[in-house]
Each structure stands twice: as C-alpha cells, then as structure tokens.
Amino acid sequence: MFLALSLFFCMRSLRYLRYFQQEEYNGKRFGHWWWKNRAFDKRGTLALLLSPLLLIPIALLEENPLRTGKLKLRLTARAKRIWAVSWIWFAATAYFVPWIVIPQLIPLFLVAANSILKPYEAWVQRRLAKQARTTLSRCDPEVIGITGSFGKTSTKHILGEMLQTTLGATFWTKGGINTTMGVTREIRTRMRPGYQFAVMEMGAYHEGSIDRLCKLTPPHAAIITAIGQTHIDRFGSQEAIVRAKSELVNAVPAGGIVVCNGDDVQAREIGALRDNTLYFGFSDGCDCRIVGYRLNHFTLIWNDKRYDIETQMVGKPAAMNLAAAFSMACTLGADPDFIANLIPALQAHSNRLQMRTVGGEITLHDGYNSNPTGFRAALETLDAISGKQKVLVTPGMIELGSNQAKENRVIAEIASQVCDRVLVVGHHNREALLEGLSDVNVDLCDSRDEAFAVLRQTRQKGDVVLIENDLPDLFEGRPKF
Amino acid sequence: MKKQLAVLFGGRSIEHEISIITGLQAIEAIDTEKYDIIPVYFAPNGKWYTGDALYDKMFYKRGAYNLAEEVTLLPDPSIQGLISRKRNKTYPVDVYLLAYHGQYGEDGCVQGLLELANAAYTGCTPETSTIAMNKHLCKSLLTAHGIPVLPGQLLRRGDKLVLPTGDYPLFVKPNHLGSSVAVARANNESECKKALANLFRFDREALVERCIENLLEVNISVLDADHFSPVEVPVATSHALTYADKYLREESKSGPSSGGMASLTRIVDPPDLNPTIKAQVIEYARQITSLLDCSGVIRLDFMVDCDTDQLHFNELNPIPGSMAFYLWDQCSPPVVYTELLDRMIDAALKRRSERMAVNHDYGYHAL
C-alpha cells in the first residue's frame with residue numbers, strides 16, 4: 001500500500017519539480033503558479049478515497065516531465081538534491097499524517113526541501129563562484145558587460161563575433177545565460193587562457209543581481225541596450241529597474257567605455273552617470289547614428305563617416321543591437337570598415353525576430369519574452385514585409401505587473417492596424433487583447449499546439465505570419481493533476 | 001582473434017556533424033567478424049567519449065555526455081590503447097579508423113598524437129595531412145612539380161580588410177577548411193570585402209582565385225596511391241558546390257541513417273566526359289598521390305575550365321566524406337565499403353610497421 005503511494009509520489013513530485021524548476025526554485029512564484037493553474041491534486045485524492053491500489057495505474061499514466069513540454073525537467077545536481085530531500089519529507093509526513101492529505105502536500109515537500117537545502121546550495125555556489133573568479137583572473141580577458149531590458153543576448157552574440165573576427169579570441173556565454181549560477185558554470189567549463197575579450201550578458205533579476213555578476217566578472221566596459229518595462233513585476237517599479245541596471249555602469253572603472261541607448265530616456269539617465277558615454281540610436285546627437293532605415297538595410301554614421309549596412313536581421317531592434325555592438329567594437333579598436341562588411345554575414349540569434357522563408361512562405365519568429373517595445377517593432381517589421389494577409393499568433397505579453405492588461409490592450413490596438421488575422425493563444429491576456437482588437441479575424445486557441453494546428457490548416461499562400469512571444473508552457477493549457 | 005578497431009569521429013571543426021555521419025556509416029559497414037568496434041567521439045568540448053550511447057543520434061543532439069565514458073589517448077607507446085579517465089581501465093586498440101573531417105582531425109593534429117603513441121591509424125601521415133589541408137601550400141608544392149593549378153593569392157586576416165589584386169569576378173575560399181564553408185564568388189570590390197569578412201570568421205587565411213565561368217568539377221578517389229576509382233562529376237544547383245549543396249540537400253534528409261556526401265547528386269563515370277580530360281585526371285592523381293605519399297582513401301578534386309579545356313588541381317581531401325565509398329561501389333569489379341575499409345585497415349597496420357623500421361634511439365651522443 002505504501003509502495004503504491006510511493007510510486008505515486010515519485011511520478012507526481014517529478015512533475016511538480018519541473019514547474020518548480022521553471023520558477024527558478026522560488027517558493028513564492030511556484031505557489032503563485034500553483035494557485036493560478038489550480039494545480040491541486042484531484043486524481044490521487046480520488047484514488048485514495050476509492051482504493052489506494054488505484055494509485056499505481058495513475059502513477060504510471062502520469063506524463064513524463066523529462067520528455068513533455070517545451071521546457072522539460074532538467075535533472076541537474078540541484079534538482080536531484082531537492083527531489084531526494086523531498087522524499088524524506090514525504091516519508092516522515094506519511095508516517096504521521098492521514099494519507100488522504102498527502103497528494104495535496106507534494107508541492108509543499110519540494111518547497112520545504114529547497115528551503116532546507118538553501119544554505120548548502122549557497123555554500124556550493126559560493127565555492128564554484130570562487131573557482132570561476134580565479135579562472136577568470138588567470139585568463140584576464142577584457143570584460144564587456146551588457147545589460148538592458150532586451151537585446152542583451154542578441155547584442156552579446158553580435159559583439160562576440162565582431163571582436164573575435166577583427167581583434168582577438170573572444171569568450172561569450174552561450175544562449176541567454178545571464179545569471180550568476182549560469183555564468184559561473186560557463187566560466188568553469190569553457191574559459192581558458194588565450195581569450196582576449198569576454199562579453200558577459202548580465203541579467204538584472206532584482207536589485208543587486210548585477211552587482212553580484214560584476215563581482216564575479218568585473219567589467220572593463222559596458223553596454224546598456226535599453227530600459228523597457230520588462231519584468232516590472234520582479235522589480236516593483238520602473239525606478240527600481242533603472243537603479244538595478246546602473247549597477248553595471250557603476251562597476252566600470254573610470255575611463256572605461258560605456259555605450260548606451262541614445263533613444264531611450266531612462267537609458268540616457270544611466271549613461272549620464274559618466275561623461276564619456278557613447279550613445280547609439282536613431283536620434284540626433286547619437287555618436288553612432290542609424291539613418292535611412294529600411295527593413296534590412298540602413299546607414300550608420302560614426303565619427304563623421306557613413307557606413308552602409310546590409311543585414312539578415314530584420315527590424316529596428318536588430319538595427320539598434322548592431323549599432324550598439326558596432327560602437328563598442330570600434331571603440332575597442334576594430335576597423336569600422338571591417339565591421340561594416342562583417343555584419344551581412346551575421347544571422348539573428350534564434351527566436352529573436354528571425355525571418356524564415358520556407359517554400360516561399362515568410363514567417364517572423366519573435367519568440368522570446370516579449371515586451372511593448374519589441375512587440376511594436378515586430379509589428380512594424382510585419383507591416384514592412386509585403387504579402388497578402390498579415391497574421392499574428394501570440395499569447396500577449398507577461399511579467400508586466402500591474403501594467404500588463406493595459407499594455408496588451410494597447411498592443412492589440414496597434415496590431416489591428418497591421419494585421420488581418422490574429423490567433424490569441426492561451427488565457428493569460430485574452431480579455432485584454434480582445435478589448436484592443438478590432439476589425440480583424442480573431443481565433444481563440446487554448447494552447448500553442450492548437451494555435452499552430454489552426455495556422456497550418458488555414459494559412460494561405462502569400463500570408464506573412466508573426467509568431468510573437470512563445471512563452472514557456474508554464475502559461476499554456478492547464479496541466480491536469 | 002578479432003582485432004580491436006577504434007573508430008574516431010567528431011572533432012573540433014565545422015565538419016563535426018559530417019564526421020559523425022561518416023563515422024557511424026563506416027561502423028555499419030565494418031566486418032564484425034574480423035573486428036570489435038570501439039566508437040570514439042571527439043566532442044566539441046575537446047573530450048573523447050566512448051560507449052553504446054554513441055549509436056544513438058540523440059546523444060549528439062542533446063550533448064548527453066554523462067551517458068558515455070570519457071577516454072583519452074596518451075602519447076605513450078606502451079599503452080597501445082585508450083585510457084578511461086574516470087576508471088582505472090585501458091581499452092586495447094589494434095588500429096584506429098579515422099573518420100574526422102576538417103580542422104584538428106584531418107590536418108595532422110590527431111595524426112601527430114597517434115604517431116607519438118606508436119599507433120596504427122588509417123589515412124595519411126601528419127606531414128601529408130597538413131600539406132593537403134593547407135590549400136595554398138599544397139598548390140605551391142604541386143605546381144613546382146608540373147601539376148597545373150589555378151594561380152591564387154593568399155590573404156591573411158589583419159586589422160583591416162585588404163582587397164586582392166586581379167580582375168573580377170574572383171573566387172574566395174578559406175585556405176584551411178574543406179567542405180565549402182565560407183566559399184563565395186565576388187563580382188566586385190564590395191562583394192569581395194563582404195566575402196572576406198565572412199570568411200575571416202572561420203579561417204585566418206583566404207585564398208583568392210580567378211573565377212572560372214564555365215566550370216566542370218571532376219573528382220577521383222585513390223586508394224593507397226595505386227588504385228583509382230571511377231571519376232565523378234558532382235552536380236551543383238549553383239555555380240560551384242556550396243556547403244548547403246553538399247550536405248543539406250533534401251535527399252540527404254530523407255535518406256536512411258547515412259547521408260552527407262553519399263547522397264549528393266552526382267554522375268559517376270559520365271560517358272560524355274572528354275576522354276583526354278579523364279586520362280589527365282588519372283595521370284595527375286597518380287603523380288600527386290605518389291609525390292605526397294598518400295595512404296588510405298583520399299579524394300582529389302579537379303576543376304576544368306570548359307572555355308579552354310584546361311584541367312586544374314583544386315584540392316586534396318585526406319579523409320573524404322563517407323570515404324568516397326559511393327565511387328568505389330561503381331568500380332568494375334565494385335569494391336564494396338566493407339572491403340574498402342578492410343584494405344584501409346591493412347594498409348594502416350603495414351605502414352605503422354614500416355615507420356617503426358628505423359632507428360630512433362641511436363644518435364649523436366651530445367651529453
């Protein structure tokens with residue numbers, strides 16, 4: 001009987017662990033997820049009421065979190081530790097408490113396990129971070145930190161390629177890794193002597209996170225890509241966001257290069273902390289100014305010279321990222337002509353406003369954590385591409401705190417000007433989006449899979465499709481427990 | 001008794017995945033009555049792995065290295081095998097089958113290590129491999145021996161982009177890499193600059209040649225410098241074979257577990273090929289493989305300027321994709337892949353003995 005319960009706990013706890021991992025082991029956010037998705041157990045409790053032996057088939061039928069979903073469960077050392085300790089909680093509780101309650105308590109076991117392990121995890125992280133710091137100082141590359149509400153990852157990849165091709169061996173973190181833990185791991189596994197530059201993406205998850213990253217990889221130079229409204233719900237306010245990102249500029253030694261978004265008022269505030277800041281953007285007065293912008297070519301004016309740029313990366317945000325990287329690379333000593341000729345060869349990092357043409361059909365993939373500015377730019381880009389029908393597939397934007405509904409409504413209004421058809425995915429912004437949409441064909445889809453199926457069936461030749469904000473499946477069709 | 005055959009593939013190069021295909025294909029064709037196979041994967045992180053996990057394509061896609069066992073090769077002749085890094089265990093190896101393509105694996109680096117370990121390995125020696133993979137050096141050497149080559153200019157990566165001299169259109173290619181990555185035609189200065197900038201992402205040296213407008217490519221494979229396969233004319237969708245043409249054609253996606261060069265569209269032994277050219281190709285192949293002391297299965301690529309009917313040597317691949325088995329298949333009588341590999345392995349063992357047959361210990365006593 002206990003074996004049946006254990007089997008059930010085994011499978012069910014792994015499923016919950018996957019969502020816990022996605023919420024970065026934050027008990028509060030996991031709890032929030034649990035509540036929003038009404039993730040309390042139904043099947044297990046029912047089985048216990050009827051016959052505990054029913055737990056066995058139920059357990060065997062549970063979906064495998066290692067295989068299912070967009071973000072699968074990764075059995076990292078930490079995940080395994082939490083899971084192991086949760087077993088102890090389970091066993092202890094099962095001894096004292098009537099079993100009928102156990103299925104509901106499973107998420108709690110994970111959270112409790114994580115809490116107990118926190119001191120140990122912190123100790124492990126500190127040790128690893130120390131190793132990483134030592135490795136970094138032995139290798140001693142010139143560190144360029146990049147932060148901003150969006151564009152960090154793209155700019156990092158672009159700058160990395162530019163520096164490596166024109167100046168010297170360059171290290172940069174893979175994908176979108178920008179936390180202390182991720183950067184520590186990257187440095188420990190990949191950093192070797194011989195690298196002249198290191199481009200480090202820095203994510204500001206709360207005040208102090210960039211400070212910590214700067215202690216790990218002290219920057220010699222910095223890029224501020226943009227200050228938007230992303231992640232307001234983590235920071236609490238815009239002011240807090242600005243403060244958090246200025247930590248990077250403050251960490252750059254006097255005389256170090258600071259490159260900053262010149263179009264963004266709040267970014268300029270941060271840039272103003274130094275008097276040698278270089279600005280990039282479309283506006284007057286930018287040191288690296290973008291002019292004559294058309295879908296995938298524009299001109300950069302740098303040091304009174306004009307450089308015609310062709311690129312595979314479409315959209316204004318891409319032009320901004322290129323201008324940012326161009327400014328930093330040239331200030332570090334690269335030849336502007338070389339850089340300008342290199343840009344056409346660089347491709348968009350996956351899922352950041354990437355235009356893919358398959359069999360003549362154009363699709364814009366802008367799948368990564370959307371924000372109002374990026375969404376607007378994506379819609380602008382969609383507008384600029386010629387085609388028959390313009391189709392938008394999106395669940396709306398998330399993590400915008402109290403502004404979320406308003407921003408989604410506003411963007412829906414803008415989308416109505418550009419699009420002929422909109423597929424609204426999921427329920428998270430459904431009302432807000434519907435409020436803003438007018439004069440378009442609307443399809444309401446429960447999940448991402450459903451939306452793509454509908455799209456596949458109804459897509460017509462000549463349609464240009466924008467897939468905006470592909471959210472992790474945390475926000476998709478409700479998981480069933 | 002069965003021989004222990006380690007099949008090495010992967011590598012820190014652009015052709016990494018092509019190498020995996022060549023390696024796994026070869027493993028499927030090996031005569032398992034004669035050999036016990038030890039698959040060894042050279043991962044992008046530089047480590048070598050072995051184990052049954054290597055037979056699953058998902059292993060490479062997911063980078064699930066914890067499912068495999070890490071091994072290494074030490075430059076110590078007494079070991080005669082691979083050492084496990086975590087456990088106290090040696091895997092004896094009688095002969096190494098190299099299926100690497102590109103940097104580090106095909107250019108003499110791994111070969112050098114194998115020499116230090118006094119191992120028997122298939123393919124060319126370190127010196128031949130290095131020369132073959134450096135197009136400029138190879139062409140400079142061959143032209144001095146009367147083999148016709150297209151004259152080229154070598155441009156090294158520097159602070160600024162330097163334009164080549166010469167009339168456009170020009171053809172720009174990396175000096176070191178194989179498989180047509182970053183190969184481009186430049187019709188004017190602007191295109192040339194962009195082509196060079198892109199090329200310098202992948203190689204520090206660029207080779208610039210004049211463009212042959214009316215181009216015919218002719219390849220031939222040679223086994224142990226004295227057996228010649230039929231010639232082939234690979235068919236490209238564009239002017240010259242690009243990486244996409246060679247490896248990413250739709251055919252190769254739908255084929256069985258293999259793919260790569262084997263599934264490229266080609267015409268083997270075309271009946272309408274000018275017999276003079278064909279004879280020249282075979283004759284030059286003979287001279288080149290003899291001069292460079294080639295061993296194992298190599299593939300020579302030639303270019304014909306159809307406007308002048310002039311044949312030029314283009315490049316030598318010391319480890320061709322899929323070991324060019326699709327060419328040997330078309331011999332009369334056909335040499336099937338299994339037999340081809342057998343002969344490569346025998347040649348490897350024989351060559352190791354030959355290279356051992358010189359005194360290394362006896363020298364001037366300087367101390």
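Reply: A salt bridge is a side-chain nitrogen of Lys or Arg within 4 Å of a carboxyl oxygen of Asp or Glu. The structure, over all chains, holds 40 salt bridges. This is a predicted model, in which local features need pLDDT of at least 70 and side-chain atom pairs count only at pLDDT 80 or more, while totals for chains, interfaces and linings use all residues. Residues are numbered from 1 along each chain as its sequence is written, and side-chain values use heavy atoms, with hydrogens and water left out.

Me: What makes B:Arg156 and B:Glu205 a salt bridge?

Reply: Their side chains meet at 2.6 Å, N to O, and the definition asks for a nitrogen within 4 Å of a carboxyl oxygen.

Me: Why is B:Glu205 called buried?

Reply: Buried means under 20% relative accessible area, exposed over 50%, and partly exposed in between (1.4 Å probe, protein chains only). B:Glu205 has 9%, so the residue is buried. B:Arg156 has 59% and is therefore exposed.

Me: Why are B:Arg185 and B:Glu213 called partly exposed?

Reply: B:Arg185 has a relative accessibility of 28%, so this residue counts as partly exposed. B:Glu213, at 45%, therefore counts as partly exposed. The two side chains form a salt bridge at 3.3 Å, N to O.

Me: What is the N to O value for A:Asp446 and A:Arg430?

Reply: The value is 3.7 Å, and the two side chains meet in a salt bridge. A:Arg430 is at 14% relative accessibility and so counts as buried, whereas A:Asp446, at 39%, is partly exposed.

Methods
Chains are lettered from A and ligands numbered from 1 in the order in which they are written.
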